Amino acid sequence: MVLYKLEDFEPNYRDTIEGQDINGLGVYTQGNDEKVGTVSDILVDEEGHFRYLVVDLGFWIFGKKVLLPIGRARIDYNTDRVYTIGLTREQAEQLPEFNERQTLDYDYEERVRGVYRQPTDYTLPLDTSAPAPLDPLATPIAAPIAAPLDATPAYARDNYNYEGEPSLFGLNEQDHQTLKLYEERLIASKRRQKTGEVSIGKRVETDTARVAVPVERERVVIERVTPADAGTAVSGREADFREGEVARIEIHEETADVRKEAFLREEVRVRKVVDQETVETQETVRREELEVNSANLPIEER
């Protein structure tokens, strides 16, 4: 594969990285925090994928530049540092020197990759006393970087691809950061509150009630009539003159006797019913949308 300097591949790449340029960042060993050198350039393939960092080993080997596979680098933008994963001074001495005028062909890359494939006893320490990286996604690696020689597969010029060696060219978790997009939603809930109370009681009111009661009253009616045989002489026996004879007649009358009694008039039943209705409300919500500014770099979105 053909490799290009990032600036030659995309002259305006700095406009798309929002100030997070790797060029010029210091390179340190991960674990003991020893400075190795400085990133002087970035090499990408024909599709614009990062493949190597060009590291000036001025702090280890003055005047020597080497290639660091992107999978062996961890970029910490919080500290503006690049940490090498498993690079030793011995490997740096074995690496072929990078020369901008030299053709970067398959053979040269194989010399570089061969050094990083070598087995090493280097492991990342889990010493909690060492300065912890500020990257919250940083995950310490506590296993040997390289596989044993007998487990190293054979590589061929015609079918080699970078994806076949994720230990050298796979982007680590720090370079595969997840961008979370948030949105606001209206969550409907109900709150029960007292709006008042209804008090139900009794009071006594007084009215004047009228009732008609028919009553009977007796009275004496005295009628004087002339009999038909008036003027007829009667015998002395029939004419019984008695002094002091009195006729007595009892007279009665009815009076209204009114009393009060209580009667059940009606029942009042008190209960509550629930009326349901839909209340609509509106509020302004926000949503984050993804903006990708690739500056003509190939981007695959899934």
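Which residues form a nonpolar patch on the surface? In this predicted model, local features require pLDDT of at least 70 and side-chain atom pairs count only at pLDDT 80 or more, whereas totals for chains, interfaces and linings use all residues. Residues are numbered from 1 along each chain as its sequence is written, and side-chain values use heavy atoms, with hydrogens and water left out.

The patch consists of Val-198, Ile-200, Val-268 and Val-270, which together have about 440 Å² of accessible area (Shrake-Rupley method, 1.4 Å probe, only the protein chains shown counting as cover for residues). Val-270 is exposed, at 56% relative accessible area (exposed, over 50%; buried, under 20%; partly exposed, in between).

Six aromatic pairs were found in a search of the whole structure (ring centres within 6.5 Å; planes under 30 degrees apart are stacked, over 60 edge-to-face, the rest tilted). Tyr-28 and Tyr-83 form a tilted pair, with 6.3 Å between centres and 45° between planes. Because Tyr-28 belongs to strand E2 (residues 26–29) and Tyr-83 to strand E7 (residues 81–84), this pair ties together parts 55 residues apart in sequence (strands are DSSP runs of E, at least two residues; helices of H or I, at least four; both numbered from the N terminus). Tyr-28 is buried at 13% relative accessible area, and Tyr-83 is buried at 9%.

Conventions. Patches are made of residues with over 30% relative accessible area and no salt bridge: like charges are joined within 9 Å, nonpolar side chains (Val, Leu, Ile, Met, Phe, Trp, Tyr) within 5 Å. A salt bridge is a side-chain nitrogen of Lys or Arg within 4 Å of a carboxyl oxygen of Asp or Glu. Buried means under 20% relative accessible area, exposed over 50%, partly exposed in between (1.4 Å probe, protein chains only).
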